[in-house]
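Dear colleague,

Please find below the structure that I promised to hand over to you.

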Amino acid sequence: MDPQIRRGIVRFAAYFALLALVVPLPVSSQEAEPLKPTKKVLPAYPEVLKHAGISGTVRVRVTIGPDGTVKDVEARGGGAIFIDAVTKAVKQWRYLPTGEHQRISEVTVSFECCATVTTIP
């Protein structure tokens, strides 16, 4: 290969390597740490399951609007009675607004017999 062409290729590669150090690529909210709500309403432990001594875990996918409100809650796993309670509560959650785009968050809610409810995040 011609030495002049080789130098041009090396300069080109060096330029883009330096550019990559100076200009960071945007990172989506899914790749960053999990989104944490600013307002969190705990789901009510369903009375029928409390009396039966039943525990369970529910996973939902939450779509958060640009204004920080929950726009959609999609069940990803868990018992139907638990899912109803989680959906009603998570729809009341609030996140920091971005003002520009929707975000997605995964939420896990655990019901431990017979009164403890924990959420992640």
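Predicted model: local features only at pLDDT ≥ 70, side-chain atom pairs only at ≥ 80, totals over all residues.

I begin with the core. In soluble globular proteins, nonpolar side chains tend to be buried together. Here, the largest nonpolar core comprises 19 residues. The residues with the most contacts inside this core are V58, V60, V62, V86, Y95, V107 and F111. At least two core residues come from each of strand 1 (56–64), strand 2 (70–77), helix 3 (80–90) and strand 3 (103–112).

Helix 3 deserves a separate look. Its buried residues are F82, I83, A85, V86, T87, A89 and V90. An α-helix has 3.6 residues a turn, so residues three or four places apart point the same way. The cover over the buried residues of helix 3 includes helix 2 (47–52), strand 1, strand 2 and strand 3.

I turn next to the aromatic rings. How many aromatic pairs does a search of the whole structure find? There are three. One of them joins Y45 and F82 in an edge-to-face arrangement, with 6.1 Å from centre to centre and 80 degrees between the planes. This pair links distant parts of the chain, as Y45 sits in the loop between helix 1 (3–22) and helix 2, while F82 belongs to helix 3, 37 residues apart. Both Y45 and F82 are buried.

Y45 also pairs with F111: the ring centres are 5.3 Å apart and the planes meet at 85 degrees, so this pair is edge-to-face. Because Y45 lies in the loop between helix 1 and helix 2 and F111 in strand 3, the pair ties together parts that are 66 residues apart in sequence. F111 has 0% relative accessibility and therefore counts as buried. Through ring pairs, Y45, F82 and F111 are linked into a cluster.

Finally, I draw your attention to R103, which is located in strand 3.

With kind regards

Key: Residues numbered from 1 in each chain as written. Heavy atoms only, no water. Core = buried A, V, L, I, M, F, W, Y, C linked by side-chain atoms within 4.5 Å. Buried < 20%, exposed > 50% of the residue type's maximum accessible area, 1.4 Å probe, protein only. Helix = DSSP H or I, 4+ residues; strand = E, 2+ residues; numbered from the N terminus. Contact = heavy atoms within 4.5 Å. Phe/Tyr/Trp six-rings, centres within 6.5 Å; stacked < 30°, edge-to-face > 60°.
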